[in-house]
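Good morning, and thank you for coming. Please look first at the sequence and the structure on the screen, and then I shall describe some of its parts in turn.

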Amino acid sequence: MCGICCLLTERNEKDYSDLKHCMEYGQICHRGPDSSNTKEVTISDKHVLTLTGHVLHLRGQLTSQPLQNQNGDLLLWNGEIFGGIQIGEEQNDTDILLQLLTKDASPKHILKTMANVEGPWSFIYWQNATQTVYFGRDMFGRRSLLWHLPRTVDDVFMLSSVRISDYEFQEVPSVGLYSMHVISDVVTMTMYPRDEAVWPGTSFLVKSSDPSHFCIPFTLAPNFDFQFDKAQMVPMSIPKLNKQLHCSIRSPSKNFSTDANKLMTKSELDEDSISSSISKKDDTLESSGSVNEATAKAESSSVSERAHIPSSSHTSTGSKKNVNVEILEEIIDPKSYLENVLQTDELMNKLSDQLTDVLLKAVTLRVYNQVDLQRIKNSDGYCQQMQTLQHADNSAEICQKTSVSYSSNNKDCEQKESYSDRVTCLTDHVHSENSCNSESDMSEKCSSKTAEDNLLPLNGKHTKDCSPDVASSCSESEIVGNARVAVLFSGGIDSAVITALVDRCLPEEEPVDLMNVAFEQKAKSPQKKKGERPKTETTETNWKVPDRVTGYTALQELNPNRRWNFIEVNVSIKELQELRTNHIQHLLYPLESVLDDSIGCAVWFASRGCGILGNTEQVGKAYRSTAKVILCGMGADEQLAGYSRHRGKFMEHGWEGLLEEIEMEVNRISARNLGRDDRIITDHGKESRFPFIDENVVNYLQKLPMQYKADLSLPRGVGEKLLLRLCAMKLGLVKTATFPKRAIQFGSRIAKTENNKEKGSDKCQRLNTK
């Protein structure tokens with residue numbers, strides 16, 4: 001992970017020193033605390049190209065950027081190669097990629113090389129032989145890259161991971177790759193579209209439309225020429241969404257109680273049906289004392305007995321049908337339903353194992369592709385120093401089972417099937433222990449800081465030219481963690497499944513940081529009772545937000561033998577307002593909606609990793625996570641129908657409407673929030689990694705028919721992300737598997753700190769980034 005930027009200027013009397021100062025010392029340098037460097041290239045008598053790189057060292061040898069070879073080629077690389085290109089254990093991504101790019105100077109070779117890269121990336125490559133700059137982002141837009149295109153002859157051209165100074169930027173569209181070169185006084189930029197890509201939010205193919213209508217909403221400088229090369233396209237590695245429904249839509253009678261089945265198949269519900277159903281439910285509760293027993297008597301059928309659900313049950317838009325679903329929520333017990341699917345549906349059982357397997361491989365890649373820094377552990381009077389984890393070729397290799405049994409206690413291991421040369425099984429013995437000789441020795445070693453301690457300077461200055469530095473609010477007497485992996489942990493199904501898979505691929509001795517964010521909620525004191533003496537009304541801060549509750553619930557379902565550091569990240573309204581104004585809003589830019597503000601601020605505070613421990617023997621103490629890798633659950637909702645808008649489309653237009661919505665979600669994911677999340681998280685000198693948007697995970701889910709991934713005829717907490725819920729059940733996350741979707745802005749209660757009348761799509765008036 002790095003901060004990269006590129007500046008094209010004319011060689012005139014204009015002074016660009018302030019702008020270059022921001023490239024070297026502004027907000028972008030937070031992204032790369034381990035190395036910074038700048039190189040300049042004279043393109044012609046009139047133009048100079050300045051390239052700056054700030055490196056966060058995560059694998060191989062520390063390599064300063066921009067990296068230059070003997071031919072004068074330069075590479076700025078902000079990414080991780082998880083597959084598609086062979087990388088040795090001690091090799092560096094940047095070095096290997098530069099070697100590959102320089103094998104052939106043709107645009108076709110550059111496009112093919114970048115299309116082969118599996119993983120998140122953005123890059124800027126100066127090809128000295130042709131005097132051309134190539135740049136772009138991966139197809140999902142997992143790494144930020146912004147551009148400032150010149151509007152006047154005297155304007156500059158810039159590329160950057162984050163905003164530089166007060167120049168206006170837009171996100172570089174991920175629907176293609178780009179090149180730029182200068183001939184005489186004219187700067188020519190060429191776009192190479194991705195094959196079969198569509199403009200986000202539309203059905204228009206990129207290769208068949210005018211890009212100026214979609215990605216350049218203003219007039220360019222007269223000496224800046226934008227071209228569109230339809231003859232050379234970037235190959236797409238992800239298949240189109242499988243829209244086939246066949247006759248295999250799940251039968252409404254399968255896994256339901258008799259009463260629930262009648263409600264599902266009835267095209268309309270009258271008042272008598274509603275009253276009768278509720279009455280039967282109440283009678284059952286009185287006689288058995290449990291909804292579970294009533295719903296456990298589910299009818300079952302074999303896979304071959306699947307049949308079409310009547311279209312009326314999905315296309316009705318009247319209020320009666322909505323009542324139908326509401327009653328199902330009362331009748332169906334989610335846990336019993338999911339258990340019954342696993343017991344009776346062989347196909348869904350197999351598919352859940354397959355999804356667990358492909359997700360485990362994605363998580364394993366993201367956990368182990370990092371440098372294992374020398375860490376110091378302070379626990380019970382001794383220190384433990386970890387050796388570098390190695391993927392051994394000639395040693396006894398083991399890994400956790402991927403096709404696990406329903407019991408959460410099953411920890412058996414088996415030989416792992418080959419995934420790629422980069423995904424090898426874990427070695428059995430990876431740690432060595434070194435005891436401290438004395439308390440003073442232990443104190444000296446265990447209080448040592450990493451480079452991240454100096455990431456955010458303490459002088460919170462804000463100049464006109466550069467974004468402000470931000471002082472860390474973490475306590476000086478805090479515990480400095482030694483976990484090398486952290487998870488943004490709301491306790492929802494997405495983050496919980498990722499965490500459970502981390503447990504299966506990491507040695508049990510490794511601690512893991514779980515970062516759970518909550519925003520200040522003032523709870524008024526109870527009003528005095530009649531006859532009591534008047535008391536001064538006081539308020540106390542309440543951090544018991546929904547995500548805090550679900551977080552602790554999910555924590556109880558994780559492996560009790562591992563050290564989980566549950567970090568309560570508690571944010572006051574004052575701190576939120578100050579840091580949003582002085583710092584976070586510049587990272588959100590160019591996005592500016594209410595939704596971007598809420599989610600961006602919540603993710604920034606959570607990923608900072610400063611809070612108090614909510615568990616372990618050091619509960620209540622200040623704690624700071626130093627993990628450089630943060631796993632995030634983004635991407636599951638888009639592919640598995642997790643949003644409420646998906647249910648709305650399904651209820652209004654049936655399966656066809658849902659398929660269209662999911663297809664649009666995947667096509668536009670690069671233009672939505674991943675670039676924002678990258679800018680937010682990497683500001684702490686940490687890297688975000690998204691297992692659900694791994695190329696192999698997306699490939700698997702794109703090929704799988706929709707009816708196996710979700711069934712929105714079922715209630716919330718069951719139907720959306722149905723297949724993932726089955727995975728969670730088999731991973732032992734029994735309670736978590738039934739949690740309905742709750743967005744972070746509501747789960748953390750940041751949405752309650754501001755104007756409740758705002759809409760998520762509204763322009764946020766609290767952001768002032770002009």
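Predicted model: local features only at pLDDT ≥ 70, side-chain atom pairs only at ≥ 80, totals over all residues.

Helix 15 is mostly covered, with 14 of its 15 residues buried. Buried here means under 20% relative accessible area, exposed means over 50%, and partly exposed lies in between, computed with a 1.4 Å probe on protein chains only. Helices are DSSP runs of H or I with at least four residues, strands are runs of E with at least two, and both are numbered from the N terminus. Residues are numbered from 1 along each chain as its sequence is written, and side-chain values use heavy atoms, with hydrogens and water left out.

From its first C-alpha to its last, helix 15 reaches 21 Å, close to the 21 Å expected at 1.5 Å a residue. The expected span is 1.5 Å times one less than the number of residues. After helix 15 comes G609, whose phi is positive, near 75°.

Let us now step back to the whole chain. Its secondary structure comes to 22 helices and 27 strands. Of its 770 residues, 58% count as buried. Contact means heavy atoms within 4.5 Å. Among contacts in the chain with a separation of 6 or more, 74% are between residues 24 or more positions apart.

I turn next to a pair of helices. Helix 14 (residues 573-588) packs with helix 18 (residues 674-682) at an angle of about 145°, and their axes are 8 Å apart. The axes are lines fitted to C-alpha atoms, for helices over the stretch in contact, and angles run from 0 to 180 degrees between N-to-C directions. Which residues meet here? From helix 14 come I584, L587 and L588, and from helix 18 come R676, R679 and I680. By class, this contact has 4 nonpolar, no polar and 2 charged residues. In this scheme Ala, Val, Leu, Ile, Met, Phe, Trp, Tyr, Cys and Pro count as nonpolar, Asp, Glu, Lys and Arg as charged, and the others, Gly among them, as polar. For the spacing along such a helix, recall that an α-helix has 3.6 residues a turn, so residues three or four places apart point the same way.

Some loops deserve attention as well. In the loop between helix 14 and helix 15 lies P590, and a cis peptide bond joins Y589 and P590, with omega about 10°. The peptide bond from Q65 to P66 is also cis, with omega near 5°. P66 is found in the loop between strand 3 (47-55) and strand 4 (67-68). Is P66 buried or exposed? At 2% relative accessibility, P66 counts as buried. Beyond its neighbours within four places in sequence, P66 is in contact with several residues, including N37, L51 and L74. The C-alpha atoms of P66 and W126 are separated by 9.7 Å, although the two are 60 residues apart along the chain.

Two residues other than glycine have a positive phi. T616 has phi near 65° and sits in the loop between strand 24 (610-613) and strand 25 (622-624). At 24% relative accessibility, T616 counts as partly exposed. A641, with phi of about 60°, is found in the loop between helix 16 (636-640) and helix 17. A641 is buried, with a relative accessible area of 0%.That concludes my presentation, and I thank you for your attention.
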